[in-house]
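Trainee: Could you take me through how strand pairing and aromatic contacts are read from a model?

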Amino acid sequence: MDGFGVVPLGIPGTPVPFTLHVPQPELDKLSVLIETAVVAAPSFYNTHNASDSPDHAFGASRDWLADAAGVWASDFDWRAREAHWNTIPQFKMDVTAPSDGQVFDLHFAALFSRRADAVPVILSHGWPSSWLDYVAVLELLAAKYTPDTLPYHVVAPSIPDYGLSTRSNATTTELNFYSAAEALNELMKGLSFNAYVAQGGDVGSGLTAALGAVHDECKAVHFNNFILTPSEKAAVANLPVNPAENATLAGAQGFIDSGTGYMLEQGTRPGLISLVLMSNPVAMLEWIGSMYTDAVDGAPLATILEQVSWYWHTKSYGSGLWSYRAVWAPFLRDTHSERLPSPLAIKTKPLGYSWYPREVLAAAQSWVEHWFPDNLVFFKAHEAGGHLAALEQPVAFLQDLEDFVAIVKTKIEL
C-alpha cells in the first residue's frame, strides 16, 4: 500500500508509524498454554448447541472447542497474519481529552489521500472484534484507488481501551462512551480532520452515536446497527415490517432471550470474567468463539483465531469491558443510563443505515424512517450478512459507505 501512509502536511498531531510485532517468547508462551489447556469433560450442556435445537443455544460445543484449539496450536500462523496486517499503514498517536486531561495513546490504521477534497471517515469497531474487521475494506479501497485518486481519508482505530489503544488513567478510572468518543474526536482533529463522517456498529455504534450527538466536527453518521433500549423499540413496535425484517427481528429476539448471558456477566462482573479468561487462552477461545458462531454469518475459524489472538496478545479483553458496564442495564432491563448514547438524539445531521438479515441488534426500515424523519438520507437492505458487516460483507459495506458519503457531500460542507 505504498503512498497511502503519507500523513497530510501541517497537521497538529504527531502520528508515529507503527509496526506490529509480538515478541517470540510471547508466542511460545501462548503455544504452551494452548497445548497444555484442559478441555472440560463432556456434559449435556457442552455437547449440544443451537445447531441441534434452538433450545440448546448453550455456546460453542466441546467438540468445536477441542478442534479449534487444535488448529490454533498446530496450524495458525501468527507471523503470517502479522506480516499481512503490517502492509496496511498503522500509527500511534497521543491525544488529550479536553474534558478531564486524560492522555490516550491511540493505535489506528489509515489510508490517506493526496486529494484536497478527500472526505475524512472514521470506522469504529465493536466487541469481540477489532480494527481487523476493516482489513478487507481497506484492501478493497487500496485496490480501487491510488493515493492520488482516493476520495477519502479512512481512519480505522483500535477504539479506546481495546487492542493497542491505551490511556494514562486506565487502572484508576472507568471509561465510558462519551469519553471514548471524545478521544476519537481528538484523534480526527489531530489529523486536521475538523469535518468528518463517522461509521460504526456494535460498540462502534454507541461511539458513533456519541460523536454525532456531541461533536460538531462529526458532520454525518452511518450505522449498521443500533444499541437501543426496549422502550425505544416498543415505541415503534406497531409500525409495518416486511417478511424479511420480521424474520430478522425474530432472530434478534431469540438472541436477547438466550444469547445475552455474556452481556450480563461482562456488565456486572467485568473483573471476575476478565481474570478468568485472561488466564486461559482456550477459555477465551470458547467465550469469544461462541459469539462468532452465534452472531456472525458464516465466520471462518481463521477469523475467530485472529481475533482471539489479537485480544490475547494485546492483553485488552479486560480493559475493553467498559462498554458493557454502560450497555447491560439499559439494553437488558430498560433502565435509563446517561452513559449510553442513543442514536435517536441525532436529529439534524445526515444519517445512513445499512440493514443485514442476520443482525442481532435489528431495526426495520419503517422504524428508522420514523426515528429520523428529517435526516435519514440513506437506507439499504442486503440479502446476506449480519452483525459484523465490514467483516462479513466487505464489498457491500464499502459500497454503502461510498454511496452514503456521495449523498452527504451534496448536503453539507466536508
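**Strand pairs and ring pairs**

Mentor: In strand S5, alanine 156 is the bridge partner of alanine 109. The model is a predicted one, in which local features need pLDDT of at least 70 and side-chain atom pairs count only at pLDDT 80 or more, while totals for chains, interfaces and linings use all residues. Residues are numbered from 1 along each chain as its sequence is written, and side-chain values use heavy atoms, with hydrogens and water left out.

Trainee: How many bridges join S3 to strand S5?

Mentor: Two strands pair if DSSP finds at least two bridges between them, strands being DSSP runs of E with at least two residues and helices runs of H or I with at least four, numbered from the N terminus. S3 and S5 (residues 152-157) run antiparallel and are joined by 4 bridges, whereas 7 bridges join S3 to S2 (residues 90-96), also antiparallel, with lysine 92 opposite histidine 107.

Trainee: Why is strand S3 largely enclosed?

Mentor: Buried means under 20% relative accessible area, exposed over 50% and partly exposed in between (1.4 Å probe, protein chains only). Because 7 of the 9 residues of S3 (residues 103-111) are buried, the strand is largely enclosed by the rest of the structure.

Trainee: What describes a pair of aromatic rings?

Mentor: The distance of the centres and the angle of the planes describe such a pair. Rings of Phe, Tyr and Trp (its six-membered ring) pair if their centres lie within 6.5 Å, with planes under 30 degrees apart stacked, over 60 edge-to-face and the rest tilted. The count comes to 25 aromatic pairs; one of them, phenylalanine 177 with tryptophan 322, is edge-to-face at 5.1 Å centre to centre and 75° between the planes.
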